[in-house]
Amino acid sequence: MSRVFGGCRALMAAAKAAAKGAAADSPNPRRSAAAAAKEKTATTRSTGILKVVPVSPAMRSFLGVPEISRTEAIKKIWEYIKLNDLQNPANKREINCDAKLKAIFDGRDKVGMLEIARLLSPHFIKTN
């Protein structure tokens, strides 16, 4: 910017203030209103794995909520696994299930981390 205004402090201060004001009004001045609306709907979208659906009684007792999205459920299960140090130290991809996890993982003692989503699928009640 200093090359544009030739180093004049007064002009530079005005240019910086204008740029700061424009940045505060919108994060990207070149973005159209349609793009902003599309971004807003993408973050608040409630379809697919982001859709909040009712869960089974076993999952309800584990999570403490009657309905949740699949992504949030998996996040909470991973928080529980990390909090209680249930990952196998020798093989981090393997989870050693305690009594609470066995209730939602079909009574299995060990579960692979890639199996979690598949084992949780029956706990989400399908709605039309």
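This passage walks through a predicted model of a protein chain, from its overall layout down to a few individual residues.

Let's start with the big picture. The protein chain contains seven helices and four strands. The chain has 128 residues, and 23% of them count as buried.

Next comes the inside of the protein. The largest nonpolar core is made up of 21 residues. Met59, Ile77, Leu101, Ile104, Phe105, Leu120 and Phe124 are the ones with the most contacts inside this core. Helix H5 gives the largest share, with four residues.

His123 sits in the segment after H7. Is this residue buried or exposed? With a relative accessible area of 9%, His123 is buried, because the cut-off for buried is under 20%. Its side chain reaches the backbone oxygen of Ile104 at 2.8 Å. Once neighbours within four places in sequence are left out, His123 is in contact with Pro54, Val55, Ser56, Ala58 and Met59, plus Ala103 and Ile104.

Ala73 belongs to helix H5. Its relative accessibility is 0%, so Ala73 counts as buried. Beyond residues up to four places away in sequence, Ala73 touches Leu63, Ile68 and Phe124. How far is Ala73 from Val55 in space? The two are 18 residues apart in sequence, and their C-alpha atoms are 9.8 Å apart.

Ala99, on the other hand, is found in helix H6. At 65% relative accessibility, Ala99 counts as exposed, since the label applies to anything over 50%. Ala99 and Asp109 are ten residues apart in sequence, with 9.0 Å between their C-alpha atoms.

Finally, there are the aromatic rings. The structure holds one aromatic pair, formed by Phe62 and Tyr80 in an edge-to-face arrangement. A pair like this is described by how far apart the ring centres are and by the angle of the planes. For Phe62 and Tyr80, the centres are 5.1 Å apart and the planes make an angle of 75°. Why does this pair tie together separate parts of the chain? Phe62 lies in helix H4 and Tyr80 in helix H5, so the pair links parts that are 18 residues apart in sequence. Both Phe62 and Tyr80 are buried.

Notes. Residues numbered from 1 in each chain as written. Predicted model: local features only at pLDDT ≥ 70, side-chain atom pairs only at ≥ 80, totals over all residues. Heavy atoms only, no water. Core = buried A, V, L, I, M, F, W, Y, C linked by side-chain atoms within 4.5 Å. Buried < 20%, exposed > 50% of the residue type's maximum accessible area, 1.4 Å probe, protein only. Helix = DSSP H or I, 4+ residues; strand = E, 2+ residues; numbered from the N terminus. Contact = heavy atoms within 4.5 Å. Polar contact = N/O pair within 3.5 Å; in protein donor to acceptor, adjacent residues only side chain to side chain. Phe/Tyr/Trp six-rings, centres within 6.5 Å; stacked < 30°, edge-to-face > 60°.
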